[in-house]
Amino acid sequence: MANATDSWIDALNALVPSWPATAGTLVLAYIVYWFGLVIYRLYFHPLAGFPGPRLAAATSWWEFYYDVVKDGELVFQLPGLHEKYGPVVRLSPRELHINDLAFYTEIYKQNTKFHKDPHFYATLGFPTASVCITDPHQHRARREILNPFFSKRTIAALSSVLHTTIEKLCTNIASIQGAVPLQDAFHCMTVDIISGYAFGTSFNMLDEPDFNAVHVRSVERSAETQWLIKHIPAIRWLADRLPGPLGSWLDGGLMELAGTCENIVKDLLASSDRKQETVFDALLSPTGSTKGHIVPSYQELVDEAIILLAAGTETTAIALTFATYHILANPDIKRAVQLELATIPRDPAGHLPYQAIENLPYLTAVIKETLRFTHAVPGKLPRIVPASGATVPSTAQRIPPGTCVAVAHYSVHMNEALFPRAHEFRPERWVGEEARGVERWLVSFSKGSRGCLGINLAWAEMYMALAYLFTRFEMELFETGPREMRWKDHGVAHTVGHLKVIAKPRTLV
Ligand code: HEM
């Protein structure tokens with residue numbers, strides 16, 4: 001009987017292949033598939049005729065190398081690639097980078113037909129926030145609710161709130177003995193401003209000792225892992241399912257940020273007696289004045305809170321960091337800024353009036369040059385070519401529908417035809433004859449329907465923080481030079497080191 005069973009099992013074993021054989025077959029199948037895919041991408045794909053590195057056309061691991069292994073260095077490859085291959089370069093199997101100003105205007109304009117790339121924006125981790133919505137109708141409805149809160153007029157009326165926060169920044173800087181971690185201080189300041197304004201309660205990060213706020217670190221870390229998650233989205237999926245600290249470590253701080261925002265939204269939903277109407281009250285209003293407005297779900301509100309806290313803070317903080325660095329690193333620029341600021345009379349409350357500050361031509365030129373030279377958001381903002389296809393004006397090349405395309409800010413701002421001696425920090429280029437015609441090519445906030453919601457707030461913060469700091473303090477750089485201020489593209493420009501200064505109160509104020 002036993003013999004009969006054994007031979008029966010032997011017969012079955014002979015039919016089922018062994019594990020090593022199965023694994024071998026799978027590996028072989030994968031190699032054949034991959035080989036076939038590469039051949040397709042190189043010779044039969046709709047983008048096969050476009051020039052670029054062969055490896056980039058064959059696999060997105062080429063882009064992975066510059067994004068992840070070289071940590072945000074892809075943007076610096078663009079000028080060399082365009083020099084070698086011309087205005088249109090294939091950067092990955094599905095994506096072209098296009099160095100053509102007329103094409104920039106076509107992609108990033110009002111009512112553009114080039115919608116955001118769902119693949120890229122889904123990987124950011126807050127898919128229903130205004131910045132990630134890809135459907136133009138849904139996006140317009142959301143923006144129409146948000147826009148009035150960030151209009152030029154509303155922000156100008158907010159200047160007393162900005163005065164109070166920036167006064168606090170100055171007081172806390174003055175209390176520090178030794179080097180001031182000014183970059184962190186700027187980040188805390190922008191968090192306090194946007195949280196006070198958008199949520200009705202300031203986070204008071206400026207009160208953190210040495211401006212070392214947990215939230216600031218979370219925002220920084222979440223941007224640092226962005227490229228890894230863009231290329232391997234499963235990491236975020238896994239992070240969401242792993243317990244607390246492990247998940248948080250894996251997704252680089254976004255989970256901490258999301259936790260903060262969930263608490264904010266719960267508080268907002270629980271209480272209605274606020275001193276002022278916030279962005280969220282407007283979003284929650286079922287009678288929203290906008291056609292097509294649908295009251296956002298809890299998760300959509302959390303996503304919107306995350307984007308306000310992330311996009312609305314470190315962008316402005318990094319721009320302020322670079323502006324301060326360049327002013328302090330160039331004694332002539334510093335002198336000119338201080339002389340101009342000295343011409344502003346105080347208002348009866350002792351404040352530097354916002355309207356007077358924003359009319360200062362040299363300070364304005366310094367901020368514009370900072371935004372041009374250091375970009376804040378330097379890289380690709382990918383869009384999808386509409387069903388009708390597109391034509392690159394300078395080469396007349398046809399781009400097939402569905403292709404992912406972008407024109408990075410870095411390419412525009414480093415364009416020598418627009419900005420001669422583009423690699424030099426020269427505020428003078430924004431004054432007088434030289435500035436004529438180039439104003440519209442300062443694209444740091446992007447343009448058109450998908451341009452920055454917070455542009456007016458960002459300008460107000462930059463004007464006022466710089467005006468107050470350079471009026472109140474005599475500052476010098478501390479252990480901060482070109483090496484520390486070298487930046488990487490993490491979606492937002494991230495410096496390799498941190499700006500630190502020695503700040504002594506000025507006697508003339
Ligand atoms: C110097 C400071 C800033 C720079 C350079 C900047 C830059 C940008 C850029 C380039 C975009 C387009 C992103 C894309 O196409 O994917 C954008 C969008 C956005 N920004 Fe800013 N930003 C700054 C400050 C702010 C501030 C202070 C806020 C706060 C409200 C803010 C909120 C947003 C939002 C909500 C969007 C999404 C807009 C939409 O798609 O409707 N930004 N910003």
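Reader: What makes a residue a contact of Ala 465, and which residues qualify once its neighbours within four places in sequence are left aside?

Author: In this predicted model, Ala 465 is in contact with Ile 166, Leu 169, Phe 186, Met 189 and Leu 320, with sequence neighbours within four places left aside. Each of these is called a contact because its C-beta atom lies within 7 Å of that of Ala 465.

Reader: Which residues have the most contacts inside the largest nonpolar core?

Author: That core has 126 residues, and those with the most contacts inside it are Ile 306, Met 464, Ala 465 and Ala 467. Helix α24, residues 455-472, gives the most to this core, with twelve residues. As a general background, nonpolar side chains in soluble globular proteins tend to be buried together.

Reader: Why is Asp 71 called partly exposed?

Author: Asp 71 has 16 C-beta neighbours inside 10 Å. A buried residue needs 20 or more, and an exposed one has 12 or fewer; the count for Asp 71 falls in between, and therefore this residue counts as partly exposed. Asp 71 is placed in the loop between α4 (61-69) and α5 (74-85), and its phi is near 55 degrees, a positive value in a residue other than glycine.

Reader: How do you know whether Asn 204 is buried, exposed or partly exposed?

Author: The count for Asn 204 is 15 C-beta neighbours inside 10 Å, so the residue counts as partly exposed. Asn 204 lies in the loop between α11 (182-199) and α12 (214-224). Although Asn 204 is not a glycine, it has a positive phi of about 50 degrees.

Reader: What makes β1 and β3 edge strands?

Author: The open sheet has five strands in the order β1-β2-β7-β4-β3, with mixed pairing. β1 (88-92) and β3 (115-116) are the edge strands, as each pairs on one side only.

Reader: How do you know that β3 and β4 pair?

Author: Two strands pair if at least two bridges are found between them. β3 and β4 (residues 383-384) have two bridges, in the antiparallel sense, and therefore they pair. Within this pairing, Lys 116 has Arg 383 in β4 as its bridge partner.

Reader: How many residues surround the ligand, and which are the closest?

Author: The ligand is surrounded by 24 residues, the closest being Gly 312, Thr 315, Ala 376, Cys 452 and Gly 454. The elements giving two or more residues to this shell are α18 (298-311), α19 (314-329) and α24. By type, the shell residues divide into 15 nonpolar, seven polar and two charged.

Methods: Residues are numbered from 1 along each chain as its sequence is written. This is a predicted model: local features need pLDDT of at least 70, side-chain atom pairs count only at pLDDT 80 or more; totals for chains, interfaces and linings use all residues. A nonpolar core is a set of buried Ala, Val, Leu, Ile, Met, Phe, Trp, Tyr and Cys residues joined through C-beta atoms within 7 Å. Helices (H or I, at least four residues) and strands (E, at least two) are DSSP runs, numbered from the N terminus. Two residues are in contact if their C-beta atoms, placed from the backbone, lie within 7 Å. A residue is near a molecule or strand if its C-beta atom, placed from the backbone, lies within 6 Å of it. Ala, Val, Leu, Ile, Met, Phe, Trp, Tyr, Cys and Pro count as nonpolar, Asp, Glu, Lys and Arg as charged, and the others, Gly among them, as polar.
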